[in-house]
Amino acid sequence: MPSKPLSEEVEQQLRNVLKKTDTTSDTNSVVKVAIEEQHCGMVAIVGRPNVGKSTLLNALVGQKISITSRKVQTTRHRITGIYTRDSYQFVFVDTPGFQTKHSNALNKSMNKVVSAALSEVSVFFLVLEAGRYDNADEQVINLLPSGASVILIANKLDTVKQRARLAPWLLDMQTKYNFAEIIPMSAKSHDDIKRLLKITEQYLPKQPWWYRPDELTDKSERFLAAEIVREKLFRLTGDELPYTSTVVIDQFQEKSTDKTGKRVLHIAASIVVDRASHKAMVIGNKGERIKRIGTESRIELEQLLNAKIFIELWVKVRSGWADNEDQLRSFGYS
Ligand code: GDP
């Protein structure tokens with residue numbers, strides 16, 4: 001399979017990685033694989049919200065990186081997970097689901113992210129819920145470039161009571177796109193995940209790895225911090241808070257190490273909401289809710305980043321920010 005030219009963004013990522021590699025001592029325990037043996041490629045996980053993309057990514061990479069939620073659309077950024085085994089390096093791209101309800105600046109920005117992710121990938125995982133197919137799924141299929149290698153993942157197989165009913169559905173799916181493979185499976189099954197990785201190996205072009213084999217994600221700790229706070233925010237506000245609310249990290253500083261040599265990180269984050277009523281919702285009765293968002297974020301981040309964390313949260317009202325492209329850029333969406 002010929003390797004595609006790399007975009008500027010990927011080249012920049014590579015440069016960063018090479019810089020990091022230069023300063024790392026070469027004593028990790030990962031078995032060395034000769035460059036000429038290495039395979040590497042991007043795997044884009046696409047599908048409408050709630051089909052299980054984040055669950056799948058976490059299972060594939062073996063660590064909680066992307067944020068799963070019962071609610072749709074918690075992940076607005078493109079998240080990359082990296083998994084290296086034997087001579088294969090899988091670089092996963094978890095694209096946000098396609099939003100169809102509104103078309104404000106935020107959604108336009110998201111669709112650009114989706115298109116950018118699609119142009120560089122070696123193989124797509126199109127995730128559907130086994131036995132289900134609706135307009136939102138069809139819109140995602142329409143987004144796939146023609147002639148791409150696409151593996152259809154019929155996920156949540158464990159929820160299908162009568163497997164026999166699935167056969168006509170699978171036949172019907174074959175008419176939707178010229179899929180390279182069709183795999184009924186469950187993202188929650190360890191064996192299914194292993195099988196999927198094995199099948200995917202053949203779609204990764206022979207080329208030198210882009211990342212060190214021990215790297216899990218190229219997203220910064222700062223980004224992970226925003227994602228964790230965002231997850232707690234939406235989980236603890238239930239269904240009340242609109243998805244136009246976001247989290248911006250204002251300060252992320254490593255101040256010192258504690259007595260045991262652990263890093264001490266100071267994080268200040270703003271929760272940006274559209275209206276004063278949303279602000280009250282986030283703060284909660286006597287500030288209880290925001291306190292809980294802070295505490296739960298701190299506990300999870302301490303584990304994830306292996307550091308002692310001090311976290312300070314603010315709530316800011318930015319009326320109509322989701323419609324303002326300049327403001328969007330200042331929050332890190334482009
Ligand atoms: P995303 O929006 O596509 O990223 O979907 P998530 O990964 O957040 O999953 C949505 C919901 O489906 C969560 O409650 C998951 O636990 C659940 N889920 C994902 N995969 C499976 C599966 O294979 N079986 C079952 N029963 N539930 C699943």
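Biologist: Among contacts between residues at least 6 apart in sequence, what share joins residues at least 24 apart?
Modeller: This is a predicted model, so the value is computed from predicted coordinates. The count takes contacts in the protein chain between residues at least 6 apart in sequence. The share that joins residues at least 24 apart is 72%.

Biologist: How many helices and strands does the protein chain have, and what percentage of its residues count as buried?
Modeller: The protein chain has 10 helices and 9 strands. It has 334 residues. The share that counts as buried is 32%.

Biologist: Which residues have the most contacts inside the largest nonpolar core?
Modeller: That core has 40 residues. Elements giving it two or more residues include strand 1 (39–46), helix 2 (53–61) and strand 4 (123–129). The residues with the most contacts inside the core are Val 43, Ile 45 and Leu 126.

Biologist: Leave out residues up to four places away in sequence. What does Val 43 touch?
Modeller: Val 43 points one way from strand 1, along with His 39, Gly 41 and Ile 45. Its contacts include Val 121, Ser 122, Val 123, Phe 125 and Thr 200.

Biologist: Why is strand 1 described as largely enclosed by the rest of the structure?
Modeller: Look at where its residues point. Cys 40, Met 42, Ala 44 and Val 46 point the other way from His 39, Gly 41, Val 43 and Ile 45, and all are buried. Strand 1 is largely enclosed because its buried residues number 8 of 8.

Biologist: Which residue of strand 4 is the bridge partner of Ala 44?
Modeller: Strand 1 and strand 4 run parallel and are joined by 4 bridges. Ala 44 is a residue of strand 1. Its bridge partner in strand 4 is Phe 124.

Biologist: What is the strand order of the open sheet of 3 strands?
Modeller: Strand 7 (246–257) and strand 9 (307–317) are the edge strands, and each pairs on one side only. Strand 7 runs antiparallel to strand 8, with 10 bridges. Strand 8 (263–273) pairs with strand 9 in the parallel sense over 11 bridges. The pairing is mixed, and the order is 7-8-9.

Biologist: In strand 8, which residue is the bridge partner of Gln 253?
Modeller: Strand 7 and strand 8 form a hairpin with 5 residues between the strands. Gly 261 in this hairpin takes a positive phi near 90 degrees. The partner of Gln 253 in strand 8 is His 266.

Biologist: In strand 9, which residue is the bridge partner of Arg 263?
Modeller: Strand 8 and strand 9 are the parallel pair here. The partner of Arg 263 in strand 9 is Ala 307.

Biologist: Helix 9 packs on the sheet, but which strands does it touch?
Modeller: Helix 7 (221–236) lies across strand 7 and strand 8, at about 125 degrees to strand 7. Helix 9 (288–305) makes about 145 degrees with the direction of strand 9. The strands that helix 9 touches are strand 8 and strand 9.

Biologist: Is the crossing of helix 7 and helix 9 left-handed or right-handed?
Modeller: The two axes come within 9 Å and cross at roughly 140 degrees. That makes helix 7 oblique to helix 9. Residues that meet include Leu 224 and Ile 228 in helix 7, and Ile 293 and Leu 301 in helix 9. The crossing is right-handed.

Biologist: What is the size, in residues, of the second, separate core?
Modeller: Leu 224, Val 247, Ile 267 and Ile 293 are included in it. Leu 224 is in helix 7 and Ile 293 is in helix 9. The second core has 19 residues.

Biologist: Lys 156 has a positive phi, so is this residue buried or exposed?
Modeller: Most residues other than glycine have a negative phi. Lys 156 has a positive phi of about 60 degrees and is not a glycine. It lies in the loop between strand 5 and helix 5. Because it has 21 C-beta neighbours inside 10 Å, Lys 156 counts as buried.

Biologist: And Lys 286, buried or exposed?
Modeller: Lys 286 also has a positive phi, of about 55 degrees. Its place is the loop between helix 8 (276–283) and helix 9. With 7 C-beta neighbours inside 10 Å, Lys 286 counts as exposed.

Notes
Residues numbered from 1 in each chain as written. Predicted model: local features only at pLDDT ≥ 70, side-chain atom pairs only at ≥ 80, totals over all residues. Pairing = 2+ DSSP bridges. Contact = placed C-beta atoms within 7 Å. Axes fitted to C-alpha atoms, helices over the stretch in contact; angles between N-to-C directions. Core = buried A, V, L, I, M, F, W, Y, C linked by C-beta atoms within 7 Å. Buried ≥ 20, exposed ≤ 12 C-beta atoms within 10 Å, placed from the backbone. Parallel < 35°, antiparallel > 145°, perpendicular 65-115°, else oblique. Left-handed = near helix turned anticlockwise from the far one by under 90°.
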